[in-house]
Amino acid sequence: MKFLCVDCDSVMEYVERRLPGDGTMAVVYACPGCGRETALLTNPMETRMVSGLGIEVGGRSVPPEPLELVRSSLEGADEEAALRPGQVRWSGDARERLLSVPSFVRGMVKRIYGEYAAERGITEITPAVMDRARTDLGLEGM
Amino acid sequence: MTEPSAPRRIRTYHQVADPGAESIVEQVVDQGRRLRERLDRVKRVVAVASGKGGVGKSAISANLAVALAARGGTVGALDADLNGPSLARMLGASGRLARGDGGVEPAHGAGGVAVVSMDLLLPEDAPLRWRGPEEHGFVWQSVLETGALRELLSDVAWGDLDVLVLDLPPGTDKLARLFDLIGTPDVLLLVTTPSEAARHVVAKSARFVAEAGAEQVGLVTNMATWSCPHCGIEEPLFAADAGRRLARESGLEVWAEVPFDPRFAADTDEGFPLVLSDPERPAARALSALAERLAGG
């Protein structure tokens with residue numbers, strides 16, 4: 001999947017990804033030539049398909065964790081299984097708040113928060129960290 | 001009268017070669033690279049398949065893995081039956097998978113076989129349920145199942161293995177999925193029973209693997225015969241003889257005929273594969289001979 005600005009004949013670049021909280025996703029791309037922006041909008045099934053491939057639209061900033069897809073997508077899976085000591089942990093409050101996210105995008109949202117924390121050297125995700133990430137990443141309603 | 005304007009030229013997907021324009025493909029390529037790196041450390045992948053359910057694939061996988069390990073090999077066993085996992089139980093492996101330096105550490109079962117199964121990731125009795133929108137589940141569930149199988153292969157620290165036994169679920173499509181993921185396995189065992197119903201289904205798998213160009217393919221007939229515990233007379237358990245008919249029709253060779261033995265299922269179900277619990281019984285001897293053949297070949 002690539003986005004081409006027809007007027008400039010330039011490949012559009014990934015700008016940001018937004019998850020409004022209803023299972024849909026918006027991914028914004030911009031033309032480096034004229035600045036025109038366009039948004040890719042996916043319905044819940046398409047969002048699930050994309051996350052089911054184990055890939056991140058826009059690219060990954062940190063490498064995938066072992067069994068990331070299985071642990072985040074399987075109902076009842078042991079999500080703490082196979083975590084590296086010292087890896088980003090979730091506080092009880094944060095975990096509770098995560099439960100309000102629709103289950104089928106919960107894994108993806110959890111991964112995004114995890115990447116946000118890992119990039120900033122945050123070892124525990126709390127509701128305060130989630131608030132900050134929401135603002136920074138555009139995770140409205142999460 | 002105005003001339004019609006020429007259509008705008010829009011580059012096609014393949015004409016847009018800008019590096020970095022396609023992060024999704026990059027990630028999929030990276031997934032494939034990690035899978036190959038993991039499998040490069042496995043000398044032989046032995047896939048146990050059928051197409052038909054209920055023919056004893058998992059019991060044969062468990063016993064074969066243990067019999068191969070008993071010959072001094074380093075053996076891993078992956079339960080690729082995500083929806084009906086039983087291999088961990090049959091190999092007596094339990095507990096929680098832990099993270100090691102090189103990925104997820106497999107559990108260890110009977111005979112020291114390294115084993116990974118969905119059973120080790122889900123609570124007891126929990127069905128396999130993927131999180132997703134209720135509508136169109138059939139569309140995305142197969143994507144998730146393939147992704148899960150890929151992760152179970154590539155994210156587990158299998159280490160250097162002489163043999164990795166893959167216990168596949170029923171369905172010819174699962175063979176296609178496996179071939180897409182890892183290519184043709186080094187050895188493929190097609191398990192059948194002597195029944196005509198089994199032959200009808202396994203014949204489809206045999207045709208698939210022939211068309212896919214798999215070379216090392218053998219038939220295993222489970223429940224081939226039955227021995228009277230009192231007089232020892234051995235008789236066919238089924239009226240039909242599907243294994244040998246399949247061999248004639250498909251050109252494949254029967255590599256093992258495993259006699260029916262209630263102890264085979266009972267011991268293996270309890271985590272004590274028969275090749276260890278009572279290696280002199282005919283069913284155990286048949287599977288040990290199969291292991292010998294594979295270890296030698």
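**Entry 1: the cores**

I began with the largest nonpolar core, which has 95 residues, and looked up which members touch the most others: Val48(B), Ala65(B), Leu91(B), Val113(B), Val115(B), Val165(B) and Leu287(B). Helix α2 of chain B (residues 57–70) gives this core its largest share, ten residues. There is also a second, separate core of 23 residues, and Leu4(A), Val27(A), Ile55(A) and Met130(A) are among them.

My note on terms: a nonpolar core is a set of buried Ala, Val, Leu, Ile, Met, Phe, Trp, Tyr and Cys residues joined through C-beta atoms within 7 Å. Buried means 20 or more other C-beta atoms within 10 Å of the residue's own, exposed means 12 or fewer, and partly exposed is in between, with C-beta atoms placed from the backbone. In soluble globular proteins, nonpolar side chains tend to be buried together.

Then I picked Val115(B) and listed its contacts, leaving out residues up to four places away in sequence. Val115(B) touches Ala77(B), Leu87(B), Ala88(B), Leu91(B), Ala93(B), Pro106(B), Ala107(B) and Gly109(B). Contact here means that the C-beta atoms of two residues, placed from the backbone, lie within 7 Å.

**Entry 2: what kind of model this is**

I reminded myself that this is a predicted model, where local features need pLDDT of at least 70, side-chain atom pairs count only at pLDDT 80 or more, and totals for chains, interfaces and linings use all residues. Residues are numbered from 1 along each chain as its sequence is written, while chains are lettered from A and ligands numbered from 1 in the order in which they are written.

The score pLDDT is the predictor's confidence in each residue, from 0 to 100. Chain B averages 90, with 97% of its residues scoring at least 70. Chain A has a mean of 81, and 88% of its residues reach 70 or more. For the complex, the predictor gives an ipTM of 0.81 and a pTM of 0.81.

**Entry 3: chain B as a whole**

I noted ten helices and eleven strands in chain B. Helices (H or I, at least four residues) and strands (E, at least two) are DSSP runs, numbered from the N terminus. Chain B has 297 residues, and 47% of them count as buried. Its C-alpha atoms fill a box of roughly 100 × 50 × 40 Å along the principal axes. Of the contacts in chain B with a separation of 6 or more, 77% are between residues 24 or more positions apart.

**Entry 4: a sheet in chain A**

In chain A I traced an open sheet of three strands, in the order β3-β4-β5, with antiparallel pairing. Two strands pair if DSSP finds at least two bridges between them. The edge strands are β3 (13–18) and β5, each pairing on one side only. From one strand to the next, the twist averages 25°, an angle between N-to-C directions on a scale from 0 to 180 degrees, with axes as lines fitted to C-alpha atoms (for helices, over the stretch in contact).

Strands β4 (residues 25–30) and β5 (residues 37–42) of chain A pair over six bridges. Across this pair, Ala26(A) stands opposite Leu41(A), and Tyr29(A) stands opposite Thr38(A). The hairpin has six residues between the strands, and Gly35(A) takes a positive phi near 85° in this hairpin.

Asp9(A) isn't a glycine, yet has a positive phi of about 55°. I found Asp9(A) in the loop between β1 (4–5) and β2 (10–11) of chain A. Is Asp9(A) buried or partly exposed? Asp9(A) counts as partly exposed because it has 14 C-beta neighbours inside 10 Å.

Met223(B) isn't a glycine either, and its positive phi is about 60°. Met223(B) lies in strand β9 of chain B (residues 217–227). Met223(B) has 24 C-beta neighbours inside 10 Å, so it counts as buried.

**Entry 5: where the chains meet**
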